[in-house]
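Colleague: Before we discuss the labels used for this protein, could you show me the model, so that each term can be set against its definition?

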Amino acid sequence: MPKLKIYLERENKNKIVSANNVTEVLKRLNINPTTVIVSKNNELVTLDTKLTSKDKIKIIPVISGG
């Protein structure tokens with residue numbers, strides 16, 4: 001399982017997480033997948049996207065208003 005450097009935009013922090021795909025990353029960070037979008041190497045990805053330790057992962061909060 002690769003160790004990934006994850007950038008959390010909401011907190012302006014980097015975290016290290018071991019995971020194989022986006023779903024595992026969000027579970028390990030206790031993030032609800034419906035509240036964020038995830039990019040890998042500056043491209044939006046789906047929850048089942050496979051990840052490697054070379055990927056640049058960014059978790060961006062979804063903003064809604066009314």
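Modeller: The side chain of Thr49 reaches the backbone oxygen of Thr46 at 2.9 Å. This is a predicted model, in which local features need pLDDT of at least 70, side-chain atom pairs count only at pLDDT 80 or more, and totals for chains, interfaces and linings use all residues. Residues are numbered from 1 along each chain as its sequence is written, and side-chain values use heavy atoms, with hydrogens and water left out.

Colleague: Why does Thr49 count as buried?

Modeller: Its relative accessibility is 16%, and buried means under 20% relative accessible area (1.4 Å probe, protein chains only), so Thr49 counts as buried.

Colleague: Where is Thr49 placed, and with which residues is Thr49 in contact, leaving aside its neighbours within four places in sequence?

Modeller: Thr49 lies in the loop between strand E4 (43-44) and E5, strands being DSSP runs of at least two residues, numbered from the N terminus. With that exclusion, its contacts (heavy atoms within 4.5 Å) are Asn20, Asn21, Val22 and Lys40.

Colleague: What makes the radius of gyration agree with a compact globule?

Modeller: The radius is taken over C-alpha atoms, and the globule rule is 2.2 Å times the number of residues to the power 0.38; for 66 residues a compact globule would have a value near 11 Å, and the protein has 11 Å, which agrees.

Colleague: How many of the 66 residues, as a percentage, count as buried?

Modeller: Of the 66 residues, 32% count as buried.

Terms used. Helices (H or I, at least four residues) and strands (E, at least two) are DSSP runs, numbered from the N terminus. Buried means under 20% relative accessible area, exposed over 50%, partly exposed in between (1.4 Å probe, protein chains only). A polar contact is a pair of N or O atoms within 3.5 Å; within protein, one must be able to donate a hydrogen and the other to accept it, and residues adjacent in sequence count only if both atoms are side-chain atoms.
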